[in-house]
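This report goes through selected local and overall features of one chain.

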Amino acid sequence: MLKSVENLINQIRALCRSPLSPDERWRAAAGHVRTLLADPELSEHAKHWPISPAILGLQGKHANLLFYEDPDHGFVLNGLIKRAEARTTIHDHGRSHTIYGVVFGAETVARYAVSGQLPLVDGNEPELLARARVAATERVEVGAGHVDYIAPWEVHAEFNGADTTAALILRSQRSGTFVQNIFHPDAGTVEQYHGPRQIPYELG
Ligand SMILES: [Fe+2]
């Protein structure tokens, strides 16, 4: 494990033990991820993260490398490689909190407003939807060192340009332990899934 990543894990563990609200906790965590991204060892390491087109860097549902899962607090560290011209779906991260840090490359982050929601009849979370309309509200071009805090149910997408991008992602809980929405803007439909496939990978 890289020393700077070990430091980050200890900082997040301390935040998890603190009396902060979840929103305050994960905003503070974003500052620590920003510090980690300045470590040249991390970007050097990220150059060797696998980019098999079969599992990573596909259009839509990208798989994640799983570097670490905290045994006490459940947060995880993921890696994500997206190849040039890759596009994610328009999606949220369900009830989880996410800190998304760009290690290298450049991409556009878009955010969306949701209207006309029809909740899933059987969903036990009212934010899980059967139908909804989405409209882009913001498009921001970001590059290495950028850190984004994605609050629960916040709808967004990422679009790559000519660069391959690597991201380090801190999630409050592992994908697979919560349900998220994927929005299909043309049809107005919403699909549920359990998040990206998790591929264990050693960060060190
Ligand atoms: Fe996302």
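In which loop is the place of E85? The model is predicted, and in it E85 belongs to the loop between β2 (76–82) and β3 (90–91). E85 is not a glycine, yet its phi is positive, at about 70°. E85 counts as partly exposed because it has 13 C-beta neighbours inside 10 Å.

W153 is another residue other than glycine with a positive phi, here near 70°. The loop between β7 (147–150) and β8 (156–160) holds W153.

**Sheet**

An open sheet is formed by six strands, and their order is β7-β4-β9-β2-β1-β12 with mixed pairing. β7 and β12 (198–200) are at the edges with a single partner strand each, so one side of each has no neighbour in the sheet. From one strand to the next, the twist averages 30°. Within this order, β1 and β2 are joined by four bridges in the antiparallel sense. E69 has V76 of β2 as its bridge partner.

**Nonpolar cores**

The largest nonpolar core numbers 30 residues, and V33, I99, V103, A167 and L170 have the most contacts inside it. At least two residues of this core come from each of α1 (3–17), α2 (22–37), α3 (40–46), β1 (64–69), β2, β4 (98–104), β7 and β9 (165–171). What does V33 touch once its neighbours within four places in sequence are left aside? The contacts of V33 are then L8, I99, G101, V147, L168 and L170. Another core, of 10 residues, lies apart from the largest one, and its members include A132, V155, A157 and F183.

**Strand β5**

T108 is a residue of strand β5, which covers residues 106–119. Is T108 buried or partly exposed? T108 is partly exposed, because 14 other C-beta atoms lie within 10 Å, and a buried residue would need 20 or more. Although T108 and F159 are 51 residues apart along the chain, their C-alpha atoms are separated by 5.1 Å. F159 is also one of the contacts of T108 beyond four places in sequence, together with R139, V140, E141 and E158.

Note on methods: Residues are numbered from 1 along each chain as its sequence is written. This is a predicted model: local features need pLDDT of at least 70, side-chain atom pairs count only at pLDDT 80 or more; totals for chains, interfaces and linings use all residues. A residue is buried if 20 or more other C-beta atoms lie within 10 Å of its own, exposed if 12 or fewer, and partly exposed in between; C-beta atoms are placed from the backbone. A nonpolar core is a set of buried Ala, Val, Leu, Ile, Met, Phe, Trp, Tyr and Cys residues joined through C-beta atoms within 7 Å. Two residues are in contact if their C-beta atoms, placed from the backbone, lie within 7 Å. Two strands pair if DSSP finds at least two bridges between them. Axes are lines fitted to C-alpha atoms, for helices over the stretch in contact, and angles run from 0 to 180 degrees between N-to-C directions.
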